Amino acid sequence: MLEDLKPSRRYAALFVLLVLTAAVLIGGFLLLQNLQNTKVLMTFFAVVWGLGSVALLYFVLNQIAQSMPRSIRSIAVAFVFAGPAVIFLLWALVLPTLRSLTLSFMNAAGREFVFLDNYKFAFTDPIMLESFRNNLLWIVFGTSACVTLGLIISVLADKSRFEKVIKSLIFMPMAISFVGAGVIWKFIYAYKGEGINIAEIGLLNAIVTAFGGEAQAWLLVPFWNNFFLIIIMVWLQTGYAMVIISAAIKGIPESINEAARVDGAGPIRIFFNITIPSIMPTIVTVTTTILIFSLKLFDIVRVMTGGNYGTNVIANEFYLQQFSYNNSGRASAIAIILLVVIIPVLIYNLKQFRARSVLK
């Protein structure tokens, strides 16, 4: 569009476009401030102005980049489209991480250096040690259960006439938020208490009492209540594992399975000698993804028990230290520890993605 103009006119037109874009951005922002009393109109204007101004800004910046010398044009275009995202990541992720690292060496108010005292607390406090233990339970039992069930369901459903129905039902919980899932399962585990003359409303206790058993306060049973919470994660994440693994299984050439059957291999041997090795990169990717979720788990524990009764986890202890006890030093130290634990898993996951890309 502007490339056909002479350089002097092109630069003048770009300057005018830049000024108009700045006027649209500033004017829209000022107008938005004056629409505070009319919420509907303000919302409509914010959507239209926000999308329109961003599109206009990218258009103008792209025109400026395209007008630069050929030697730096590709770099300029890349900066226009990728630069804002990189800057936002630096502002939203890198800077807070550096600030958390600094605060982790400071006192509760963040004003005096206490060196490694916060880290000493994190690795010696009984509640923190309990949190580490519980996160390990989530990692080992939660992750393995999700991946194993996802694999089994993928293989069995693939042989069924009702494959779509079965997979839809298993995947359906993925549409529910973790907080919503916590509320649902709180009704399942509900316990009326002893001496109260009302019927049990908790589904699990209703089933137990119907068969002559005794109602239990499932979320108050030390140690085992962690497994009752892990069941919720398995209910939510098995559908994710199933979908990814099922797609990998369907990518295995049928000719390989047919050749194995001709050689006399049965279904179990085909499963362990062909299916599992063929989809192992996918299994590793799914496992590491769910493992990362298990490390930073927060919502389910917060909604169900608040971290009480021996169910505390690292992310919930961070929340308590920061927002309940107002101790930014300890909270930052816990956040840094969680980050350090997650980074190797992320690096391994990225290496797996890169290796799969090279093979393709």
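Predicted model: local features only at pLDDT ≥ 70, side-chain atom pairs only at ≥ 80, totals over all residues.

Reader: Which residues of H7 and H9 meet?

Author: On the H7 side they are Phe178, Ala181, Ile184 and Trp185, and on the H9 side Ile231, Ile232, Trp235, Leu236 and Gln237. Sorted by class, this contact has eight nonpolar residues, one polar residue and no charged ones.

Reader: Which residues make the contact between H6 and H9?

Author: Helix H6 (residues 163–171) packs with H9 at an angle of about 145°, with the axes 8 Å apart. H6 contributes Glu163, Lys167, Ile170 and Phe171, while H9 contributes Thr238, Gly239, Tyr240, Met242, Val243, Ser246 and Lys250. The contact of H6 with H9 divides into five nonpolar, three polar and three charged residues.

Reader: What makes Lys186 count as partly exposed?

Author: Lys186 has a relative accessibility of 39%. Buried would need under 20% and exposed over 50%. The value lies between these limits, so Lys186 is partly exposed. Lys186 is in helix H7. Leaving aside residues up to four places away in sequence, Lys186 touches Val303 and Met304. From Lys186 to Tyr325 there are 139 residues in sequence and 26 Å in space, C-alpha to C-alpha.

Reader: How do you know whether Ser332 is buried or exposed?

Author: The relative accessibility of Ser332 is 5%. The limit for buried is under 20%, so Ser332 counts as buried. Ser332 is in helix H14 (residues 328–359). Beyond residues up to four places away in sequence, Ser332 touches Ser100, Leu103 and Ser104.

Reader: What puts the buried residues of H4 on the same side?

Author: In helix H4 (residues 117–124), the buried residues are Asn118, Tyr119, Phe121 and Ala122. Around the axis they cover an arc of only 155°, which is why they lie on the same side of H4. Lys120 and Phe123 are exposed, on the face of H4 turned away from its buried side.

Reader: Why is the phi of Phe223 worth a remark?

Author: Most residues other than glycine have a negative phi. Phe223 is not a glycine, yet its phi is positive, at about 70°. Phe223 lies in the loop between helix H8 (203–210) and H9. With a relative accessible area of 33%, between the limits of 20% and 50%, Phe223 is partly exposed.

Reader: Where is Tyr309 found, and what makes it partly exposed?

Author: Tyr309 is in the loop between helix H12 (299–304) and helix H13 (314–324). Its relative accessibility is 48%. Exposed requires over 50%, and buried requires under 20%, so Tyr309 counts as partly exposed. Tyr309 also has a positive phi, of about 60°, although it is not a glycine.

How values were computed. Residues numbered from 1 in each chain as written. Heavy atoms only, no water. Contact = heavy atoms within 4.5 Å. Helix = DSSP H or I, 4+ residues; strand = E, 2+ residues; numbered from the N terminus. Nonpolar A, V, L, I, M, F, W, Y, C, P; charged D, E, K, R; others polar. Buried < 20%, exposed > 50% of the residue type's maximum accessible area, 1.4 Å probe, protein only. Arc of directions from axis to C-beta. Axes fitted to C-alpha atoms, helices over the stretch in contact; angles between N-to-C directions.
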